[in-house]
Amino acid sequence: MRSKVLTVSTLILLFFAALLGIYSTCIEPFRLNVKEWIVLTPKWSGKPNLKIALIADPHAIYPSMTSAHIERIVEKTNSLNPDVVLLL
């Protein structure tokens, strides 16, 4: 009985590890999230307001990141009409 529980537990753990691996290599790298924030601070009184685009952690390494996906990121960023683009 104990070995059956251990076997089932191991299979469940392997299943979820496989799902995580598939997500982290096939889905998540190709998601493109755009979030907008309005930051109000007395430290910036410049006019007009400054629009900043931040591209974070692109992992631009072949084969996981193709040039087509990088172009998609660039096109999306440019469509936002930022004043400054930061790359982290």
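Which residue just after H2 takes a positive phi? I looked past the end of the helix and found Asn 81, with phi at about 55°. I keep in mind that this is a predicted model.

**Entry: helix H2**

I checked the length next. H2 covers residues 67-79, which is 13 residues. At 1.5 Å a residue the helix should span 18 Å, and I find its end C-alpha atoms 18 Å apart, so the two agree.

Then I sorted H2 by burial. His 69, Ile 73 and Thr 77 are the buried residues, each under 20% relative accessible area. They cover an arc of only 75° around the axis, so they sit on the same side of H2. I turned to the other side of the helix. There I found Ser 67, Ala 68 and Glu 75 exposed.

What covers the buried residues of H2? I noted two strands among the covering elements: E1, residues 52-55, and E2, residues 84-87.

**Entry: largest pocket**

I looked up the largest pocket. Its volume is about 1,600 Å³. I count 38 residues in the lining. Lys 35, Trp 37, Ile 52, Ala 53 and Leu 54 lie nearest the centre.

E1 and H2 are among them, and each supplies at least two residues.

Methods
Residues numbered from 1 in each chain as written. Predicted model: local features only at pLDDT ≥ 70, side-chain atom pairs only at ≥ 80, totals over all residues. Heavy atoms only, no water. Helix = DSSP H or I, 4+ residues; strand = E, 2+ residues; numbered from the N terminus. Expected span 1.5 Å × (residues − 1). Buried < 20%, exposed > 50% of the residue type's maximum accessible area, 1.4 Å probe, protein only. Arc of directions from axis to C-beta. Contact = heavy atoms within 4.5 Å. 1 Å grid on protein atoms, 1.4 Å probe; cavity = no way out; pocket = protein on both sides within 12 Å on 5 of 7 lines; lining within 4 Å. Points joined across faces, edges and corners; volume = space filled by probe spheres on them.
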